[in-house]
Amino acid sequence: MGKIIQLMTYSFQKILSRFGSLLIVYVTLGVLLGLGGLLKPHLLSLGSLVSICRWSSILGLAAIGQTLVMISGGIDISVGAVVFLVSILASALMKGQDTLALPISLACLGIGVLCGLINGIGVNLLKIPPVVMTLSLSLILNGIVWIYTGGVTYGGPAPSLVKFAGKVILGVFPLPFVVWLVIALFFIGVMRLTILGRLFHAIGNNPVAAHYSGVNVPIASIVGYALCGLFSAATGLSLLGYLNMATLRFSDIYTMGSIAAAVIGGTSFFTGLGTISGTICGTIIMRVIFNLLLMFQIPEAGRMVANGLIILVVVALYSLRRR
Amino acid sequence: MLSAKTPRRRFDLAQVGLAISVLLTCFISLCLIPQFKNPENLTNLIVRLTPLYSVALGQGLVMLVGAIDLSVGASISLVTAIASILMSRSIAEAIIMCCAAIFAISLFNGIFVGKLNFNPFIVTLSTMYVIKGITLYIRPQPGGVIPKNYIDLVLGRWNNIPIGPIFYLLFLVAIGWVVTYKTIYGRKMFAIGGEKKAAEYMGIDCSRYMIISYLLSGAFVLLTGLYMAARIGCGDPAVGEPYTLDSIGAAALGGTLLTGGKINPLGVLWGSLAFTLINNIFNLLGISIYYQYVFKGIIIVFVLAIPLLSTKMKEIVWGK
């Protein structure tokens, strides 16, 4: 009997050390849902859960990109600005026509990649600190958007995009959520099984060591930023499709939300550590907290404070665990 | 034992270049833009230069120890918001409340960055969002009242010359000079920014001095906020936002390194003047403020790339 208990504690410790932070994240999500359900039973209703899935998939795309950049040792503050730019540009160019949906969407994804490339080049070749470089780009992009629109949004998304974003399969799973999970699974595979994934972890952990082991650090890092731009643009498109219009006021939320989701999911700054699966859970946690705050009727200002505090607390907790 | 004596400074070509280009810009706009030399416009230049220099100097002192403060803009907005709510009751009370708020924020930043060794970008980015949220909570839209006598005191004019801002500017220049070059505190900050490990082995209490530099930056931010409250005459949750990047840009343009260990208070003044001139000229030419965003973003990126570009240029000119 004693031996069995010993074996069980041993295997528990082993699981904890193997999946340590990931397990904590998923347990946190469970506890959060349980507590939230106790306080506001409406949180666990089908409609609310579907809404959580849908919104998680919108933020989640950008969060995957942010995670890739953070694992490779950078950070991208321009996520929100790219989301903003793409959704407004797509709305203005599609003008609600189905024929334009595909080419414009692809063009917008291209613009996202371009923004990511600019960030990557600035950070790696011009040696500008990532925060300042991406903050400057977001200033530039916001300026461009305001010049372009003059404060008014034009056109509208193509009906097929709206249909795609609003579609529900099997009665419960929103299509964007499924797509998000598939993309996330693909990138979990990329991070675990391919050289590219290894490179991201290596340059994030120690760029100098990676350089001396023959890694082309700038190229790998630029690829990370470009992917982040691509995913931010995808978030912009999916947001546009779901809201069925472009709005001029969600720049900050997506930057902070994507960083928070990655950090909650166990991605840490400048250590090369982090997992996409953690980020998926982190994104859902963010959305659950957001919905809870909505249900308690906390205004937008309060949600902003909550975002900042969550990041600080989580970073503090993870650093305690490391010690 | 550290001495507070000024070290020999090498002749800095970049600073001279900056000064010449700023003066050249002034000269060209004097010739081409008729409104530029209006007394009203020159007053406006000084009134706008003062707050930017104040923030940029504080930012520079934080950058000197190798950290950064992204929460300065949000803090300025917070100060104007608090002032606009409390000043109608009692000016002293409002100023004390602003002091308390900024002291708490910068102490928090300083302890997390200096003492607990958190990444300064992350800490100050998070505090920026917290402060922004709090500001939006207490003042969702621009509004509130700043008493007339307070405005007159801060922006005091004599024969249309803005005495208040000019005095504040001179005070800042003096403070910046004395703190960085004439005090042991300044010497130690240079040492910490240059090489933190070495400074620690020399027996400098790094965390203490990093906290102090955040507190100093907070003091400048507080003064800027109180000044801005008088200038715009109300509380505005977005008024400080441009100052975050502008202060980093102005400090970097003035020769402050983002990696720490280098600052030149007079250079920062030139850098701030350059940014103020950009704003002013764009406004005089009637170009939309959003072009300024784009232009300033590009300039900041360019300026921060200068250290690398200049070494590359040297390599090309003189060989490796």
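**A helix pair in chain A**

Modeller: Helix H7 (residues 175-193) and H12 of chain A have axes that come within 9 Å of each other and cross at roughly 150 degrees. Axes here are lines fitted to C-alpha atoms, for helices over the stretch in contact, with angles from 0 to 180 degrees between N-to-C directions. On the H7(A) side the contact uses A:Ala184, A:Phe187, A:Ile188 and A:Met191, and on the H12(A) side A:Ile276, A:Ser277 and A:Ile280. Two residues are in contact when their C-beta atoms, placed from the backbone, lie within 7 Å. By class, the contact has six nonpolar residues, one polar and no charged. Nonpolar covers Ala, Val, Leu, Ile, Met, Phe, Trp, Tyr, Cys and Pro; charged covers Asp, Glu, Lys and Arg; the others, Gly among them, are polar.

The model is predicted, and local features need pLDDT of at least 70, side-chain atom pairs count only at pLDDT 80 or more, while totals for chains, interfaces and linings use all residues. Residues are numbered from 1 along each chain as its sequence is written, and chains are lettered from A and ligands numbered from 1 in the order in which they are written.

H12(A) itself runs over residues 276-295. Its 20 residues reach 29 Å from first C-alpha to last, close to the 28 Å expected at 1.5 Å a residue; the expected span is 1.5 Å times one less than the number of residues. Helices (H or I, at least four residues) and strands (E, at least two) are DSSP runs, numbered from the N terminus. The buried residues of H12(A) include A:Ile276 and A:Ile280, which also belong to the contact with H7(A). Further along, A:Ile284, A:Ile285, A:Met286, A:Arg287 and A:Phe290 are among the buried residues too. Buried means 20 or more other C-beta atoms within 10 Å of a residue's own, exposed means 12 or fewer, and partly exposed lies in between, with C-beta atoms placed from the backbone.

After H12(A) comes A:Gln297, in the loop between H12 and helix H13 (300-322) of chain A. A:Gln297 is not a glycine, yet its phi is positive, about 60 degrees. A:Gln297 counts as exposed because it has 7 other C-beta atoms within 10 Å. A:Lys127 also has a positive phi near 60 degrees without being glycine. The loop that holds A:Lys127 runs between helix H4 (101-124) and helix H5 (130-149) of chain A. With 17 other C-beta atoms within 10 Å, A:Lys127 is partly exposed.

Taken as a whole, chain A has 13 helices and two strands. Its C-alpha atoms fill a box of roughly 70 × 55 × 35 Å along the principal axes. The radius of gyration of chain A, 20 Å, agrees with the value near 20 Å for a compact globule of 323 residues; the radius is taken over C-alpha atoms, and the globule rule is 2.2 Å times the number of residues to the power 0.38. Of those residues, 48% count as buried. Contacts between residues at least 24 apart make up 79% of the contacts in chain A with a separation of at least 6.

Chain A also touches chain B, with 33 residues from chain A and 29 from chain B in the contact. On the chain B side, helix H5 (120-138), helix H11 (241-253) and helix H13 (289-318) each supply at least two residues. H13(B) gives the largest share, 12 residues. The chain B side divides into 21 nonpolar, six polar and two charged residues.

The largest nonpolar core has 182 residues, and A:Val86 and B:Val79 touch the most other members. Such a core is a set of buried Ala, Val, Leu, Ile, Met, Phe, Trp, Tyr and Cys residues joined through C-beta atoms within 7 Å. Helix H10 (residues 206-232) of chain B contributes the most to this core, 15 residues. Leaving out residues up to four places away in sequence, B:Val79 touches residues including B:Cys98, B:Ile102 and B:Leu222. Helix H3 of chain B covers residues 72-86, and 13 of its 15 residues are buried.
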